[in-house]
Amino acid sequence: MRLRRDPDLAFSPDHTGRLVCTSDRAGCVRYRDRDGLFRRTLEYLGVPRALSEVEKELRDPAQPLGHTRSTIVRLLADGLVVTFVNEGDTEIATGRMTTRIGQLVKPPTHDSRPHLQLSRFTAIRRLRRHLVAQNPVTGGVVELHQPALAGLLAQWATPAPVHHICAPSDMSATAVKELAQMMLALGILTHSSDTHLSEENTPPHQFHGFATAWAHSRSRDGLSLYGPTQPEFSHPNDEGLPGPDREDNKPTGPETKAIIELPKPDLNRRALTDPSLATLMESRKSRRSYGQTPMTLSNIAELLYRVTGARSEEDGQNPNKRPVPAAGGIHEIEYYLTVRRCEGLAPGIYHYRPHDHALTVLNTDTEHIVALIDHSYRALRKVAVPHILITLTSRYPALATKYGDLAYSLTLKNAGVIMLALQLSAEAMKLACCPVGSGDAAVFAEATGRQPVDELPIGEIAVGPRAEEDELSP
Ligand SMILES: Cc1cc2nc3c(=O)[nH]c(=O)nc-3n(C[C@H](O)[C@H](O)[C@H](O)COP(=O)(O)O)c2cc1C
């Protein structure tokens with residue numbers, strides 16, 4: 001472990017007593033350093049130290065670094081300190097923390113030759129121009145400066161002690177040991193799944209999946225190296241990408257020319273007769289059974305208009321004003337109707353255009369309609385076959401242009417907002433409505449020609465006429 005190699009790295013207290021660290025490349029970082037731990041740690045790591053030596057210091061409260069594990073994590077995350085492994089004079093791997101709230105995993109004290117294994121959260125991948133091994137749960141990342149190290153790491157797919165690992169011929173046993181130690185500290189490697197210390201047997205980790213851990217690490221600031229809003233890979237100039245309004249509602253797949261203009265509801269009149277919000281919140285429930293009298297074209301037109309019909313003209317200021325809020329005001333979510341039964345609207349798959357308050361016909365093929373409806377019927381406990389399925393898709397690239405990796409979690413939140421708005425509006429209109437937890441992205445892509453790279457299907461909601469027995473009960 002050592003201070004970053006930056007000839008102009010300097011640290012000294014400012015007039016408020018904070019320790020100010022400045023460096024050309026790391027910028028300026030300030031620490032509240034009442035007990036002098038940051039200063040002591042930086043001075044101590046001014047001389048490169050073996051990780052085992054640092055570990056020993058950390059374990060002993062009498063030593064200058066005793067118990068300053070979090071100080072080291074902070075310095076690693078801020079890039080002022082790195083861990084490294086050398087082979088001769090060459091640095092073959094460099095380790096860092098990607099988050100200030102990460103953890104340095106303690107080496108076992110009882111077992112000198114523990115069986116190690118790759119963490120199930122670790123991914124070995126390209127990050128910009130580097131090959132890295134990274135664990136989003138511990139926050140550790142190791143840059144592998146030699147491709148052969150990936151082969152070395154791969155051997156830890158199964159549990160093995162360090163001395164069983166075959167290293168490249170030019171790598172010493174000491175370097176392999178130091179690499180393993182660094183990988184263990186940063187959580188790239190973990191204890192064998194056969195031991196009680198393993199991730200598989202430790203409660204909080206047990207329940208996390210690989211994809212969830214990675215998605216979460218990019219959904220908030222403070223959890224990853226560059227922050228979720230700073231894309232890991234640079235985008236071309238914003239101008240070239242689909243932005244908020246420039247490409248609004250431009251179909252990303254085939255559309256027919258057939259357009260169905262929808263009637264606009266008189267919302268002033270509705271305001272006189274709609275139940276209050278408090279009443280709707282209390283009476284709302286997920287309704288999965290339907291009445292005999294089908295919904296009409298004007299019902300579905302009203303439902304869509306209440307939730308997402310563009311209000312730009314009335315607003316005058318915002319060219320994309322809608323009733324539902326949306327991250328960044330981009331309104332990247334598109335609405336598709338799969339209609340099985342609706343008076344005035346033939347069975348088919350339609351795309352809603354909020355600015356025109358119109359539908360375009362995408363597909364009238366019965367097989368596709370049945371496949372989409374049937375999937376929702378099964379998800380809704382086979383209570384009744386939905387009359388209309390609304391599929392929400394996300395023009396994700398439009399949101400990612402502004403928010404980078406944060407966009408995925410934002411678009412799911414936007415879908416949640418829409419689901420509630422649809423349900424409350426359906427409640428006001430005395431319709432039956434239930435969100436659907438899962439749809440089939442492949443069936444949807446086949447039916448609509450929308451490819452998930454352009455538009456991700458992210459939510460469904462089934463609607464229909466309210467069942468007669470439901471009419472009586474709230
Ligand atoms: C995101 C989301 C997904 C849902 N997915 C389903 C589903 O796939 N099948 C289903 O029958 N209900 C689904 N529901 C409805 C819930 O089961 C329902 O909201 C919950 O049981 C509470 O009942 P209530 O809405 O009547 O208060 C979903 C609700 C939400 C918010």
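This is a predicted model: local features need pLDDT of at least 70, side-chain atom pairs count only at pLDDT 80 or more; totals for chains, interfaces and linings use all residues.

Reply: Start with burial: a residue counts as buried if 20 or more other C-beta atoms lie within 10 Å of its own, with C-beta atoms placed from the backbone.

Me: Which residues point each way from β14, and are they buried or exposed?

Reply: From β14, Gly-348, Tyr-350 and Tyr-352 point one way, while Ile-349, His-351 and Arg-353 point the other way. All of them are buried. With six of the six residues of β14 (residues 348–353) buried, the strand is therefore largely enclosed by the rest of the structure.

Me: Which strands pair with β14, and in what sense?

Reply: Two strands count as paired if DSSP finds at least two bridges between them. Strand β13 (residues 333–339) pairs with β14 in the antiparallel sense over four bridges, and Val-339 has Gly-348 of β14 as its bridge partner. Strand β15 (residues 358–363) also pairs with β14 in the antiparallel sense, over five bridges. There, Ile-349 has Asn-363 of β15 as its bridge partner.

Me: How many residues lie between the strands in the hairpin of β14 and β15?

Reply: Four residues lie between these strands, and in this hairpin His-357 takes a positive phi near 45°.

Me: Where does β13 go for its other pairing, and how many bridges are there?

Reply: β13 is joined to β16 by seven bridges, and the two run antiparallel. Ile-333 stands opposite Ser-394 in β16. Strand β18 (residues 456–465) pairs with β16 in the antiparallel sense, also over seven bridges; in β18, Glu-460 is the residue opposite Thr-391.

Me: Why is β16 described as largely enclosed?

Reply: Because seven of the seven residues of β16 (residues 388–394) are buried. Both faces are covered: Ile-388, Ile-390, Leu-392 and Ser-394 are buried on one side, and Leu-389, Thr-391 and Thr-393 on the other.

Me: Which residues have the most contacts inside the largest nonpolar core?

Reply: The largest one here has 55 residues, and Ile-300, Leu-337, Ile-388, Ile-390, Leu-422 and Val-463 have the most contacts inside it. Helix α14 (residues 406–428) supplies the largest share of this core, eight residues. A second, separate core has 50 residues, including Leu-37, Leu-42, Leu-76 and Leu-80.

Me: What does Leu-337 touch?

Reply: Leu-337 touches Ile-300, Tyr-350, Tyr-352, Leu-359, Ile-388 and Ile-390, again not counting residues up to four places away in sequence.

Me: How should I read a helix, and what is the case for α5?

Reply: An α-helix has 3.6 residues a turn, so residues three or four places apart point the same way. Helix α5 (residues 173–186) has 14 residues and reaches 20 Å from its first C-alpha to its last, close to the 20 Å expected at 1.5 Å a residue. Eleven of the 14 residues of α5 are buried, so the helix is largely enclosed by the rest of the structure. Among the buried residues are Glu-178 and Gln-181, along with Leu-179, Met-182 and Met-183. After α5 comes Gly-187, whose phi is positive, near 85°.

Me: In what order do the strands of the six-stranded open sheet come?

Reply: The order is β1-β5-β6-β10-β9-β8, and the pairing is antiparallel. The edge strands, each pairing on one side only, are β1 (2–3) and β8 (123–127). Within the sheet, five bridges join strand β5 (residues 81–87) to strand β6 (residues 90–97), and Val-85 has Ala-93 of β6 as its bridge partner.

Me: Which residues are around the ligand?

Reply: They are Lys-285, Ser-286, Arg-288, Ala-379, Leu-380, Arg-381, Met-419, Cys-434, Pro-435, Val-436 and Gly-437. This shell divides into six nonpolar, two polar and three charged residues. Strand β17 (residues 431–436) gives the most to the shell, with three residues.

Definitions and conventions
Residues are numbered from 1 along each chain as its sequence is written. The expected span of a helix is 1.5 Å times one less than its number of residues. A residue is buried if 20 or more other C-beta atoms lie within 10 Å of its own, exposed if 12 or fewer, and partly exposed in between; C-beta atoms are placed from the backbone. A residue is near a molecule or strand if its C-beta atom, placed from the backbone, lies within 6 Å of it. Ala, Val, Leu, Ile, Met, Phe, Trp, Tyr, Cys and Pro count as nonpolar, Asp, Glu, Lys and Arg as charged, and the others, Gly among them, as polar. A nonpolar core is a set of buried Ala, Val, Leu, Ile, Met, Phe, Trp, Tyr and Cys residues joined through C-beta atoms within 7 Å. Two residues are in contact if their C-beta atoms, placed from the backbone, lie within 7 Å.
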